[in-house]
Amino acid sequence: MSDRRFPRRLVLSVLLSTALFCALAPLHAEDGSQAWLRYAPPVLNGIPASYEPMPAALVNLDSSVIAASAQNEMLRGIRSMLSRTLRLEAKIPDNDDAWVLGTSAELHAAFPEYRAPSLAAEGFSISTLAAHGHQYWLIAGADPRGILYGTFHVLAGIAQGQAFAQLAGIESPAAPIRWVNQWDNLNGTIERGYGGRSIFFDNGQVRSDLSRAADYARLLASVGINGCTINNVNADPRLLEPAMIREVARIADVFRPWGVRLSMAVAINSPQVIGGLDTYDPGDPKVAAWWRARVDDIYAAIPDFAGFVVKADSEGQPGPSQYGRTPVDAANMLAAALKPHGGIVLYRAFVYNHHLDWNDPRADRARAAYDIFHPLDGQFASSVIIQIKNGPIDFQVREPVSPLFAGLKKTNTAVELEITQEYMGQARHLVFLPTQWKTYLDFDLRAGNRSTPLKDIVDGTSFHRPLGGYIGVANVGLDTNWMFNPLSMANLYGFARLAWNPNTTPDTIAADWTRLTFSNDPKVVTTLSRMLLASWHIYEDYTGPLGLQTLTNITGPHYGPAPQSQENNGWGQWIRADHDGVGMDRTVATGTGFIGQYPPEVAAMYASLKTCPDNLLLFMHHVPYTYKLHTGKTVIQTIYDDHYLGANEAAGQVKQWQSLDGLIDEQRYEETLGLLEYGAGHAIVWRDAIDRWFKQISGIPDDHHRIDHDPNRITALQMQLDGYTPVDVTPWETASGGKAYVCQVAQSARAECTASAHLNRPAGWYSVAVQYFDYRRGDSTFRLLLNGQPIAAWTADNTLPGEAPNGDTSTRYTLRGVPLRPGDTITVEGHPDDGEPAPIDYIEIVPEPAGAAHAPNPR
Ligand code: GCV
């Protein structure tokens, strides 16, 4: 096994010379560690003119550690972007212009003429003031966090080439709770984390070096995030042991200068597991006393501790149901312990039975949260927030908004969004999630037959709740670039922008993030924004369209295609596909009744086939494959076509990125290109698997006869094999004919196997793709030979999530610009390694358009 993320590729041919690559080598390398805080000089149109009379002095009126961070950030950002070192002054100079940082009250005390605008908590105001014949550029916060957020706002504006006057104005956060959850384990792994190991924990302890945790807090603060839950919601009770709390306090110490409050996920059975009690019954006074004592200890070590996140009675986690108690009993008991210190409880509504009866047509996991929590509305303490996933299932590529948001009118709620791309290609596929989240946040649930969009419910407006907000499951790791894929950080940034102001458009988020992360060059901004904005729909097209959910392997790593895994088990992510039709009937009349959980107007819209949107049709209804959508096309043909469309568009994204060669620094350009090329190849795996599966189960052919009829494809079965032998693939649809071809060297005592094809293609330039399987373990090596001449070599050293040939591990290597003549022989030669038998599926030989400038080959 190797920890290398991309295949090591060595192109042996002389098809493209090294000199050409050198000539193309663009800007200096960047590693992504600075994310959107690069503070690169704003080169677009030069430095904005209004920065020329920029004050040289900086005064910080506030003595808090948070304002000290703002002051230091100001010095750092101005130095880096504008090559100016601001002069720190202890008081406002009366003989010079100055930047002035402070709370509104402090500014008013310093400048009696200053009219302090009314700011919500953590809000800020940017303005100028003329006094004593001088100009003062003011960053006023409602409080120290407001000062810090205002400072980052100004620095982000400068980075994007905006004049100070353009930044003037007032901003306040939409909601008080803007937290990230990290699902970090004490052993240093991260559940559903794709960016390396934990920045907090290692080997059962808090890391000695918390510099990445401090950097993370700075990143979070720069976009207004004010809380971070540091551990997995599948919580380890050991986190509450006294020695551990002292260690965790070190994390809180590095968060504090950035205004990020620390929170912990807790296991409800902790009193029994680590407390020595014989029960964890929330109704038992000694259990409540145990929690009170633990909470007192936490606050002694972490005075600004934010509170607890609780996952209980869910996916095997212990919960109050063990004692016949409800979530109210558990949440209110914890709230009683925390409230005297100002702490809160985020109790998750992700509670469901994962042993549902597949044979029961009324059983429906989507109903669970509403069925359990709606009857409890009004009983939760005022410092409890119910943390609800955006949809009723589990972060699928598309779901309706959870009806529970409209069902809790007397309870605080927060929406939980998943930044880490668990069901969304796990940071290997490009999926810009703010586009998806915005459709959820804008969705109007019509509670009480009036406008109640989700964003107004969670910020407390719709039902006049004092608390509420946004939780994003982030799961950054020790990887230098935080999330493995340089483009994935757009999701963390976008989450924060929406949590601050849910009316921010995805276009604005994409453009701002691109400018801050890569470049102000208009071509970069336009091209990358377009790629980001299209990506969710593209991913939906080649995975699970029409409300089918992602169709990934739900009993495995949630990554590659495995539609059958949805069915016939207790997990309840069913799509009920059979020979005649597909979709979950969730109507009240004939189905599970889920639709009846929505307020009447929304329920009516989903219940009627006439008004149910196509993109959620199969989430709400079971229909025949021949059912015609609003587009006039049948369900089955739409499934086929969407998958072809999505895979084509994923290939198009590679070309769009390549158009930025030379405009992006080399390291991030190359990393991103490698991932986009991989993603485009995997989109083909998705397309073929899902279309094959639906063709088989429906028995209805594709109108365009594309499925398994690719004229450019030669399967291993059709090649001349030397050493390669077939094995069954599970699920069958993820390989041609359900077989992979493996090189079992141990059995044959040979070092390599080959698969050859005699070609009779017209003379010309071709690209040659080899579809093979790359397990997490083993680094098999491959060579490609043209008439015996080696033309490429690569290593299968990607760390894909699987140890068998299937949709998780199927990947491709493509060599472009191969000159073929009739009668040529192309050979794939595989050398197994460490139990990975150099498995192959097929080769694909595609003519390149005449005169086309070849995209460079893998480097
Ligand atoms: C932390 C899904 C994920 C789990 C996660 C769970 C949750 O089921 O696959 O890894 O557990 O959601 O949100 O609690």
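**Note on a predicted model: a central strand, salt bridges and cores**

1. Strands β15 and β16 (residues 412-418) run parallel and are joined by five bridges. One of the pairs across them is I388 with V415, the latter in β16. Strands are taken as DSSP runs of E with at least two residues, and helices as runs of H or I with at least four residues, numbered from the N terminus. Two strands count as paired if DSSP finds at least two bridges between them.

2. On the source: this is a predicted model, in which local features need pLDDT of at least 70 and side-chain atom pairs count only at pLDDT 80 or more, while totals for chains, interfaces and linings use all residues. Residues are numbered from 1 along each chain as its sequence is written, and side-chain values use heavy atoms, with hydrogens and water left out.

3. Strand β14 (residues 344-348) also runs parallel to β15, with four bridges between them. Here V345 has V384 of β15 as its bridge partner. Together with helix α11 (residues 368-373), β14 and β15 form a right-handed β-α-β unit. Right-handed is meant as follows: with the strands pointing away from the viewer, the path from the first strand over the helix to the second runs clockwise.

4. How many residues of strand β15 are buried? Six of the six (residues 384-389) are, so the strand is largely enclosed by the rest of the structure. Burial applies to both faces: V384, I386 and I388 on one side, I385, Q387 and K389 on the other. Buried stands for under 20% relative accessible area, exposed for over 50%, and partly exposed for values in between (1.4 Å probe, protein chains only).

5. There are 43 salt bridges in the structure, each defined by a side-chain nitrogen of Lys or Arg within 4 Å of a carboxyl oxygen of Asp or Glu. One of them joins the side chains of E30 and R668 (3.7 Å, N to O). E30 is in the loop between α1 (18-24) and β2 (57-60) and R668 is in helix α21 (residues 666-698), so this pair ties together parts 638 residues apart in sequence. E30 counts as buried at 17% relative accessibility, and R668 counts as buried at 2%.

6. R178 and E122 meet through their side chains in another salt bridge (2.6 Å, N to O). R178 belongs to strand β8 (residues 177-181) and E122 to the loop between α3 (104-110) and β5 (124-131), 56 residues apart. Relative accessibility is 1% for R178, which counts as buried; E122, at 11%, counts as buried too.

7. R816 lies in strand β28 (residues 810-820), so the pair ties together parts 139 residues apart in sequence. R816 is buried at 18% relative accessibility and E677 at 17%. A network of salt bridges also links R687, D688, R713, R812 and E844.

8. A nonpolar core is a set of buried Ala, Val, Leu, Ile, Met, Phe, Trp, Tyr and Cys residues joined through side-chain atoms within 4.5 Å. The largest has 196 residues, with W36, W99, Y216, L492 and F694 making the most contacts inside it. Helix α21 gives the most to this core, eleven residues. A further core of 31 residues lies apart from it and includes Y724, Y772, F782 and L815.
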